[in-house]
Every structure is written in C-alpha cells, then in structure tokens.
Amino acid sequence: MTDSYRWRLEDASGQALPDRPEQSVPFPTQADAEAWFAESWEDLAGAGVAQVSLLRESEVVYGPMPLSPE
C-alpha cells in the first residue's frame, strides 16, 4: 500500500470545513501536495479557509498552518 497525502481545510477554530473537490484528490507524494498548495493557498484563503493541515493517510504530517499574512 502506498501513502497518499491530502490537505484538511479548516476554519479558525481548527474544525474541518465541508469537503471540497480539491480535498478529495489524493496526492501521491508530499512534494506534489505541497506544490499544489503553493499554487492554491491564496484562493483557499479567499474562499474562507483559515488554516490547513497536511495529512498522510489519517496522520497529520504538519499543521495547522494559518493562511493569514500575520
């Protein structure tokens, strides 16, 4: 079995936001997930996502990581 990575999109209190299509697409590597995030974080922030966590399967790799400029 190979690992897959995905982003959990969260509100400011750390609660997972309802699933969006971009959450359901697993990434085969951490680098792929991070590359997608680098291109998408501003759109996510504009859509009301306050923070994200990167998951490998169900384990948190890192996060929460705020999307605010502060």
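How many helices and strands does the chain have?

1. **Overall make-up.** A word first on the source: this is a predicted model. The chain contains two helices and three strands, and from the N terminus the order of elements is β-α-α-β-β. With a radius of gyration of 11 Å, close to the 11 Å that the globule rule gives for 70 residues, the chain is as compact as a globular protein of that length.

2. **Dimensions and surface.** Along the principal axes, the C-alpha atoms fill a box of roughly 35 × 25 × 20 Å. The accessible surface of the chain is about 4,400 Å², and 53% of that belongs to carbon and sulfur atoms. Of the 70 residues, 26% count as buried. For contacts between residues at least 6 apart in sequence, 51% join residues at least 24 apart.

3. **The strand with two partners.** I would look at β2 next. Strand β1 (residues 5-10) runs antiparallel to β2, and six bridges join the two; here Arg-6 has Leu-55 as its bridge partner. Five bridges join β2 to strand β3 (residues 59-66), again in an antiparallel arrangement, with Arg-56 partnered by Glu-59 in β3.

4. Why is β2 described as largely enclosed by the rest of the structure? Five of the six residues in this strand (residues 51-56) are buried, that is, under 20% relative accessible area.

5. **The hairpin turn.** β2 and β3 form a hairpin that has two residues between the strands. One to check in the turn is Glu-57, which has a positive phi of about 55°.

6. **A buried glutamate.** Is Glu-10 buried or exposed? This residue of strand β1 counts as buried, because its relative accessibility is 2%. The side chain of Glu-10 makes a polar contact of 2.7 Å with the side chain of Arg-8. Leaving aside residues up to four places away in sequence, Glu-10 touches several others, including Gln-15, Ala-16, Leu-17, Val-49 and Pro-64.

7. **Its partner across the strands.** Ser-53 sits in strand β2 and, at 2% relative accessibility, is buried too. Which side chain does the side chain of Ser-53 meet in a polar contact? That of Glu-10, at 3.0 Å. With residues up to four places away in sequence set aside, the residues that Ser-53 touches include Arg-6, Trp-7 and Arg-8, along with Val-60, Tyr-62, Gly-63 and Pro-64.

Methods:
Residues numbered from 1 in each chain as written. Predicted model: local features only at pLDDT ≥ 70, side-chain atom pairs only at ≥ 80, totals over all residues. Heavy atoms only, no water. Buried < 20%, exposed > 50% of the residue type's maximum accessible area, 1.4 Å probe, protein only. Helix = DSSP H or I, 4+ residues; strand = E, 2+ residues; numbered from the N terminus. Pairing = 2+ DSSP bridges. Polar contact = N/O pair within 3.5 Å; in protein donor to acceptor, adjacent residues only side chain to side chain. Contact = heavy atoms within 4.5 Å. Rg over C-alpha atoms; globule rule 2.2 N^0.38 Å. Areas by Shrake-Rupley, 256 points an atom, 1.4 Å probe, with all protein chains shown as cover.
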